Amino acid sequence: MDRRQFCRTAIAAGVAGSTPWLAGCRPRQPGIAAISLDGSEIELEAAAVRELGEAITGSVMLAGNPEYDTARRIWNGMHDKHPALIVRCLSAEDVSHAVTFARERELLLAVRGGGHSWPGKSVCEGGMMIDLSQMNTVRVDPDQRRAFAQGGALLQGLDNAARQHGLITTAGVVSHTGVGGFTLGGGFGRVNRKYGLAIDNLRSAQLITADGQIRRVSEEQDPDLFWAIRGGGGNFGVVTSFLFRAHPVHTVYAGLTLWRLERAGEILPWYREFLPGAPEELYGFFGFKGVPTSAPFPPALQGRRVCGVVWCYTGPAEQADTAFRPVRALKPDFEHLGHLPFPTLQGFFDGLFPPGLQWYWRGDFVAELTDTAIARHLEYGAQAPSLLSLMHLYPVDGAAGRVGRHDTAFSYREARWNMVIAGVDPDPANRERITAWTRAYWDAVHPHGAGGAYVNFMMDEGEARVRATYRDNYARLAAIKHKYDPQNLFRVNQNIRPAQAFLGEGGET
Ligand SMILES: Cc1cc2nc3c(=O)[nH]c(=O)nc-3n(C[C@H](O)[C@H](O)[C@H](O)COP(=O)(O)OP(=O)(O)OC[C@H]3O[C@@H](n4cnc5c(N)ncnc54)[C@H](O)[C@@H]3O)c2cc1C
């Protein structure tokens with residue numbers, strides 16, 4: 001029997017019936033089969049699991065619970081994992097109980113924020129999944145220009161709450177993405193040229209570390225942890241709330257311009273030159289895309305591959321036409337631009353990317369988009385295996401690029417672009433095709449990259465890639481990890497391994 005079978009059989013044998021907090025656990029049954037941190041098979045005492053359920057305000061779900069299957073599913077349809085137990089938390093105290101339970105038993109642990117991890121880092125086979133999806137409250141203080149979001153909130157919650165007060169903070173381009181994973185990796189969004197990455201707007205966070213402690217981290221409190229979570233992903237604990245700085249922006253002038261693919265050889269070099277010189281209020285990411293077969297897209301473009309730029313202008317409304325004059329001079333084949341509320345823009349592409357599609361993606365930071373690299377992009381961009389498959393170049397310059405490379409764990413501040421290639425298809429039968437295209441495309445352009453990749457755009461690519469991403473911040477991260485998570489409890493992520501020796505500035509770790 002392989003490990004997966006062991007888990008499913010033993011979980012199924014150990015559970016039946018239901019209670020509100022521990023549906024399916026039959027207390028006098030032997031134990032609940034699970035997987036430990038080192039991958040070995042262990043058994044959890046049913047009584048201990050029951051006590052966990054009684055100690056928290058949320059619930060513990062085992063296989064057999066009617067909600068178990070929905071709760072274990074994440075957004076990328078490529079992943080189908082079965083945790084031994086899912087702890088649906090409602091408070092920081094719940095999270096602390098769950099973390100302590102997992103640590104004491106050396107139980108494999110995954111943390112689910114919005115569940116949008118492409119490599120499936122929010123769920124695990126046979127371990128515990130801490131599910132934050134119900135911790136999704138967002139509050140905005142308009143006087144202080146602060147936005148508070150719980151660790152399981154979605155970006156749309158943040159965008160909408162901020163909008164009610166005429167405020168914006170940096171959030172990603174698809175609004176059903178989770179605030180948690182998005183922010184902890186760095187957080188690129190449509191205003192990062194003007195206002196920086198999400199981590200650059202982070203004032204403080206509530207963090208549950210591996211010892212179960214509930215901490216508030218900021219520049220003043222546990223500054224080493226605050227430094228580490230700004231780019232270090234979920235390696236340092238579970239963030240139960242974030243406090244962001246927000247900025248006054250009422251409406252934006254935004255949308256997209258598309259050109260037939262045959263014009264990509266003209267448009268991509270133009271974009272490379274144009275955007276870095278444009279005012280920081282003007283944001284645009286370049287992409288190779290397939291055009292949906294519906295309005296508002298013109299029939300002549302529907303179902304075809306194109307290149308385009310998705311724009312967001314946050315400058316004065318009366319200057320929008322001037323800002324877009326150089327874009328319109330290129331006579332787009334389709335233009336869809338106008339004044340609109342930021343959350344409306346943020347939701348533009350939500351429908352194109354529903355949960356359950358197959359996704360395989362690879363990324364790289366790019367310091368300079370050379371002519372040779374552009375030639376590779378034109379070649380592979382034209383060979384996309386499905387309409388939804390894409391390549392995007394997100395700008396890293398402006399406010400995001402001005403932060404020092406050692407000021408936060410996020411290292412690649414001097415990169416000009418954050419590139420992602422994604423093979424996407426609804427049909428699992430096309431999984432190999434989309435994966436092969438993504439890999440071949442990435443192999444062709446990677447030699448022209450800056451070395452590392454955005455952690456939120458990586459698959460399981462090995463320790464060397466994670467190190468390449470953090471560069472000389474890695475040693476400090478590893479030392480902080482050793483101090484707060486020596487057992488590497490939080491390992492279902494782009495993992496930073498605990499390591500003792502780091503003598504940073506002033507000798508501190
Ligand atoms: C459709 C789509 C669009 C995207 N667009 C953008 C974009 O515009 N900009 C951008 O920067 N990125 C973007 N991303 C990448 C995105 O930032 C990552 O997928 C991110 O990991 C998603 O966060 P999540 O909370 O939804 O994911 P999850 O799968 O829940 O978590 C991802 C990782 O973060 C950890 N984690 C999540 N929440 C917490 C928490 N509260 N505390 C501790 N650890 C936590 C998880 O354990 C896991 O390791 C996009 C992704 C998708 C799927």
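Predicted model: local features only at pLDDT ≥ 70, side-chain atom pairs only at ≥ 80, totals over all residues.

Q: Which polar side-chain atom lies 2.6 Å from an oxygen atom of the ligand?
A: One of Tyr454. The protein covers 96% of the 940 Å² of accessible area that the ligand has on its own.

Q: Why is the pair of Arg465 and Asp364 called a salt bridge?
A: Their side chains meet at 3.2 Å, N to O. The rule asks for a side-chain nitrogen within 4 Å of a carboxyl oxygen, so the pair qualifies.

Q: What does the pair of Arg465 and Asp364 tie together?
A: Arg465 lies in helix H15 and Asp364 in strand E19, so the pair ties together parts that are 101 residues apart in sequence.

Q: Are Arg465 and Asp364 buried or exposed?
A: Arg465 has a relative accessible area of 10%, and Asp364 has 1%. Buried means under 20%, so both are buried.

Q: Why is Glu463 called partly exposed?
A: Its relative accessibility is 30%. That value is between the 20% and 50% cut-offs, so Glu463 counts as partly exposed. Its salt-bridge partner is Arg467, at 3.2 Å, N to O. Arg467 is also partly exposed, at 43%. Both lie in helix H15, four residues apart, about one turn of the helix.

Notes:
Residues numbered from 1 in each chain as written. Heavy atoms only, no water. Polar contact = N/O pair within 3.5 Å; in protein donor to acceptor, adjacent residues only side chain to side chain. Areas by Shrake-Rupley, 256 points an atom, 1.4 Å probe, with all protein chains shown as cover. Helix = DSSP H or I, 4+ residues; strand = E, 2+ residues; numbered from the N terminus. Buried < 20%, exposed > 50% of the residue type's maximum accessible area, 1.4 Å probe, protein only.
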